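Subject: The structure to look through

Hi there,

Here is the structure I said I would pass on. Please open it alongside this email, and I will walk you through what turned up.

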Amino acid sequence: MQERRLDKVELEKAGMALFGERWKSPMAHALGLPSTRIREVMRDARPCPFSWTERISEILKAHMDKCQQALHTLE
């Protein structure tokens with residue numbers, strides 16, 4: 001599988017889906033990074049590292065699984 005770099009729009013969509021409007025610091029925490037790294041990507045000061053794509057995908061899948069389990073308990 002070829003590595004793919006997220007762009008800042010994709011990063012923001014993932015962050016908003018996971019953590020809401022104030023997503024940057026929680027996303028940085030989830031990735032084990034200082035929040036300045038997220039902010040640098042968002043202002044085009046540096047590219048989004050390739051490694052973030054897989055890690056953010058994993059976090060989104062885990063979040064989706066938790067949401068599906070919660071929904072199942074409500075049905």
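Let's start with how helix α1 (residues 8-19) meets α4: their axes lie 11 Å apart, and the two pack at an angle of about 25°. Because angles under 35 degrees count as roughly parallel, α1 and α4 are roughly parallel to each other. The crossing of these two helices is left-handed. If you want to click through the contact, select Leu11, Ala14, Ala17 and Leu18 on the α1 side, and Trp52, Ile56, Ile59, Leu60 and His63 on the α4 side. Sorted by class, the contact of α1 with α4 holds eight nonpolar residues, one polar residue and no charged ones.

Before going further, please keep in mind that this is a predicted model. The average pLDDT of the chain is 93, and 97% of the residues score at least 70. Confidence is highest in helix α2 (residues 24-31), with a mean of 97, and lowest in helix α4 (residues 50-74), where the mean is 93.

Along the principal axes, the C-alpha atoms fill a box of roughly 45 × 30 × 20 Å. The chain has 75 residues, of which 25% count as buried. Looking at contacts between residues at least 6 apart in sequence, 49% join residues at least 24 apart.

The next pair to look at is α2 and α3. Their axes come within 8 Å of each other and cross at roughly 120°, and the crossing is right-handed. From α2, the contact uses Lys24, Ser25, Met27, Ala28 and Leu31, while α3 brings in Ser35, Ile38, Arg39 and Met42. By class, this contact of α2 with α3 has five nonpolar, two polar and two charged residues.

Which residues of helix α3 (residues 35-42) are buried? They are Ile38, Glu40, Val41 and Met42. The buried residues of α3 pack against α1, α2 and α4.

Asp44 follows α3 and is found in the loop between α3 and α4. The phi of Asp44 is near 65°, a positive value in a residue other than glycine. For background, most residues other than glycine have a negative phi. Is Asp44 buried or exposed? Asp44 has a relative accessibility of 56%, and it counts as exposed because the cut-off for that class is over 50%.

One more residue to look up is Glu10, which is found in helix α1. Its relative accessible area is 27%, so Glu10 is partly exposed. Leaving aside residues up to four places away in sequence, Glu10 touches Arg4 and Arg5. Glu10 and Thr53 are 43 residues apart in sequence, yet their C-alpha atoms are 9.6 Å apart in space.

That is the tour. Happy to go through any of it with you on screen.

Best wishes

Notes: Residues are numbered from 1 along each chain as its sequence is written. This is a predicted model: local features need pLDDT of at least 70, side-chain atom pairs count only at pLDDT 80 or more; totals for chains, interfaces and linings use all residues. Side-chain values use heavy atoms; hydrogens and water are left out. pLDDT is the predictor's confidence in each residue, from 0 to 100. Helices (H or I, at least four residues) and strands (E, at least two) are DSSP runs, numbered from the N terminus. Axes are lines fitted to C-alpha atoms, for helices over the stretch in contact, and angles run from 0 to 180 degrees between N-to-C directions. Angles under 35 degrees count as roughly parallel, over 145 as roughly antiparallel, 65 to 115 as roughly perpendicular and the rest as oblique. A crossing is left-handed if the near helix is turned anticlockwise from the far one by less than a right angle, and right-handed if clockwise. Contact means heavy atoms within 4.5 Å. Ala, Val, Leu, Ile, Met, Phe, Trp, Tyr, Cys and Pro count as nonpolar, Asp, Glu, Lys and Arg as charged, and the others, Gly among them, as polar. Buried means under 20% relative accessible area, exposed over 50%, partly exposed in between (1.4 Å probe, protein chains only).
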